[in-house]
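Here is a friendly briefing to read with the model open beside you. Take it one topic at a time and find each residue as you go.

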Amino acid sequence: MSDYLWDKSGAVDPEVERLEQLLAPLAHRPSKPKPAWSFRPLLAVAAALVAIVGTAAALLYPIGTATQGALWAVEPLMGAPRVTGTAVETDGGSRARVELGVIGFVDLEPGSRLRLVRRTASEHRVALDAGTLHARIWAPPRLFVVDTPSAAAVDLGCAYTLRVEPGGGSLVEVTSGWVAFEAKGRESFIPAGAACRTHPEKGPGVPWYVDAPERLKSSIDGAANGDVTALAALLEAARARDGVTLWHLLRHGSEASRGTVYARLAALAPPPAGVTREGVLAGDRRQLDAWWDTLGLGEAGWWRLWRAAAPR
Amino acid sequence: MENVLEFPAALATADEPSGTPLVRAAQRGDPAAFDALYAQYARVVHGILLARVPRQETQDLVQDVFLQAWRNLHTLRDARAFPGWVAMIARNRATDWHRRAPLTVEVTERTAVQPPTPPEAVQVLETIRSLPEAYRETLLLRLVEGMSGPEIAERTGLTHDSVRVNLHRGMKMLREKLS
């Protein structure tokens, strides 16, 4: 065997060299450092983009500052999305992909606006002012955060769809991994297969599995707001799998409702040793975490571990 | 300094893959370490996928593999086993793709505007894909991803001898098929 085939040393093997050159275009294309967000239009829409931004120079248009680094890029997926300042906007006929360096990407649906807030080694933070994004993130938990008008969606290593609704609320649906909604001192943890709303005044709501009974889903807002009838309907419809919903009601529901919720969750998923009714109703975090760990959703401690470990 | 990974070179020892300190750092929750692992192993993962699934699927699947790797990194007991471990995730993901792949592929604006690949390159790629699995994977890492034999050995967890044999026999078979 020629040395060239093994370690590229020695005399060049012409056939190997020809194949290398022929096949090179098929190789993996890593994200290359580029000035902040750069605009990388596809060839097919380049001409249209020139017309929109007015100058060909804008086709490679840095929209961050030097301190924000050089890893994000915007690529049109449909139509002609606009990059203005530190924001990416899609109109009714355009979609865009925002590549977040090596941590993942975000696809923007038509009618969306995404702003770069900051990017550091410990946090990539954007704001979704309007519209819908699909995020696929493989970075460590808590590295990628999306601010919405009503809460921050904190990626815990996952894929999800996030929509800002006209009233200022948000809806997240998680397809893989986990998302945490955080605002106003409240947190909600949404696992794969579940969804959750945030409210402009109250912050993160109570998550539910998308395959949950309709009666449960339609009763969530009422139950969280102390509506006794809605709470009864929700608890009656709840399956063992809906422990995630009941667990959040224990934390976010009205004080008066917690005893009822405790009883139903205990029937569906008996609390482990050391977890008492008194402790749970008093909001004992250690006991709530211990109960969570028995729900088959993964251990509660890991996201808190990440929060503690992540450099701020 | 932002986005610059720094760790003492002395942490890497002669009898373990050079990325092992990064694996340990990533297991402790260092995001920059995982970024660095991605940078080091993305070509290997891509090459493994390219040996098994259509080219237009590989970039997204690379991301899937690293997402899965990240989520399961805590289950990896021996950091030195990371190269073989991530390669196995890539192979399993390719198998899973075939199990779930739709019979037809939707042509979107994104897929439709991909730059054309030279017909001869496609033909050679298909020829390599027709070779036995061990040969096609090693050859793609060498000829497509531009990795050297020693680099392939380190990043896949294979021995130097295995990679040498795979390259030698694979190239011989490829020459015969192309001639």
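With 18% relative accessibility, A:Glu165 counts as buried, a word used here for under 20% relative accessible area, while exposed means over 50% and partly exposed lies in between (1.4 Å probe, protein chains only). This is a predicted model, in which local features need pLDDT of at least 70 and side-chain atom pairs count only at pLDDT 80 or more, while totals for chains, interfaces and linings use all residues. Residues are numbered from 1 along each chain as its sequence is written, chains are lettered from A and ligands numbered from 1 in the order in which they are written, and side-chain values use heavy atoms, with hydrogens and water left out.

**Salt bridges within a chain**

- The side chain of A:Glu165 meets that of A:Arg197 in a salt bridge (3.0 Å, N to O); the term means a side-chain nitrogen of Lys or Arg within 4 Å of a carboxyl oxygen of Asp or Glu.
- A:Glu165 sits in the loop between strand 11 (159-164) and strand 12 (170-176) of chain A, and A:Arg197 in strand 15 (residues 194-199) of chain A, so the pair ties together parts that are 32 residues apart in sequence.
- Helices (H or I, at least four residues) and strands (E, at least two) are DSSP runs, numbered from the N terminus.
- A:Arg197 counts as partly exposed, at 30% relative accessibility.
- In chain B, B:Asp96 and B:Arg93 form a salt bridge through their side chains (3.3 Å, N to O).
- These two, B:Asp96 and B:Arg93, are three residues apart in helix 4 (residues 82-100) of chain B, so about one helical turn separates them.
- B:Asp96 is buried at 13% relative accessibility, and B:Arg93 is buried at 17%.
- B:Arg129 also has a salt-bridge partner, B:Glu126, with the closest N and O atoms 2.9 Å apart.
- B:Arg129 is buried, with a relative accessible area of 17%, whereas B:Glu126 is partly exposed at 41% relative accessibility.
- One network, joined by salt bridges that share partners, holds A:Arg82, A:Glu89, A:Arg113, A:Arg115 and A:Asp129.

**Helix 4 of chain A**

- Which residues of helix 4 (residues 214-224) of chain A are buried? They are A:Leu216, A:Ser219, A:Ile220 and A:Ala223.
- Those residues lie on the same side of helix 4 of chain A because they cover an arc of only 140 degrees around the axis, taken from the directions from the helix axis to the C-beta atoms.
- On the other side of helix 4 of chain A, A:Glu214 and A:Ser218 are exposed.
- The buried residues of helix 4 of chain A pack against strand 17 (208-209), helix 5 (228-237) and helix 6 (243-252) of chain A; contact means heavy atoms within 4.5 Å.

- A:Trp6, A:His28 and A:Trp138 supply 20% of the area that chain A buries against chain B, more than any other three residues.
- The contact takes 48 residues from chain A and 50 from chain B.
- How many salt bridges are there between chain A and chain B? There are four, and A:Asp13 with B:Arg175 form a salt bridge through their side chains (2.7 Å, N to O).

Key: Buried area = accessible area lost by both parts, 1.4 Å probe.
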